[in-house]
Amino acid sequence: IKFYQTMYKVAVLAALVASANAFAPSTGVVRSTAIFNGPEVGAGGMADTRNPDAYADEDPRKSISAAPSFEEYMKQRQAEGN
């Protein structure tokens, strides 16, 4: 009986260590393999929005309007009262 109690304690300890290890942060370094090769068209035909240039398409849903300058943005915020 003493043997089974010892084995039970070892099994419980191993289960606790394994479950705690599941929530430990990863220690490995993850390197990004993303390479930007110019504007891409994603799923659904939408243009990549990382491209800061305006894009006009026949379908207005696929068009990207030009963003306002920082000064224009700040003036708009002040006019809105934010």
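This is a predicted model: local features need pLDDT of at least 70, side-chain atom pairs count only at pLDDT 80 or more; totals for chains, interfaces and linings use all residues.

Colleague: What makes the contact between Arg61 and Asp59 a salt bridge?

Modeller: The side chains of Arg61 and Asp59 meet at 3.0 Å, N to O, and because a salt bridge requires a side-chain nitrogen of Lys or Arg within 4 Å of a carboxyl oxygen of Asp or Glu, the contact qualifies. A search of the whole structure finds one salt bridge.

Colleague: Why is Arg61 called exposed?

Modeller: Its relative accessible area is 66%, and exposed means over 50%, so Arg61 is called exposed.

Colleague: Why is the pair of Phe3 and Tyr4 called edge-to-face?

Modeller: The structure holds one aromatic pair. In that pair, the ring centres of Phe3 and Tyr4 are 5.7 Å apart with the planes at 70°; rings pair if their centres lie within 6.5 Å, and planes over 60 degrees apart count as edge-to-face, so the name applies to Phe3 and Tyr4.

Colleague: How do you know whether Tyr4 is buried or exposed?

Modeller: Tyr4, which lies in helix α1 (residues 2-22), has a relative accessible area of 63%, and since the label exposed needs over 50%, Tyr4 is exposed. Phe3 is exposed as well, and Phe3, Tyr4 and Met7 form a nonpolar patch on the surface, with about 400 Å² of accessible area together.

Colleague: How many of the 82 residues are buried, as a percentage?

Modeller: Buried residues make up 4% of the 82 residues, in a protein with two helices and zero strands.

How values were computed
Residues are numbered from 1 along each chain as its sequence is written. Side-chain values use heavy atoms; hydrogens and water are left out. Buried means under 20% relative accessible area, exposed over 50%, partly exposed in between (1.4 Å probe, protein chains only). Rings of Phe, Tyr and Trp (its six-membered ring) pair if their centres lie within 6.5 Å; planes under 30 degrees apart count as stacked, over 60 as edge-to-face and the rest as tilted. Helices (H or I, at least four residues) and strands (E, at least two) are DSSP runs, numbered from the N terminus. Patches are made of residues with over 30% relative accessible area and no salt bridge: like charges are joined within 9 Å, nonpolar side chains (Val, Leu, Ile, Met, Phe, Trp, Tyr) within 5 Å. Accessible areas come from the Shrake-Rupley method with a 1.4 Å probe; for residues, only the protein chains shown count as cover.
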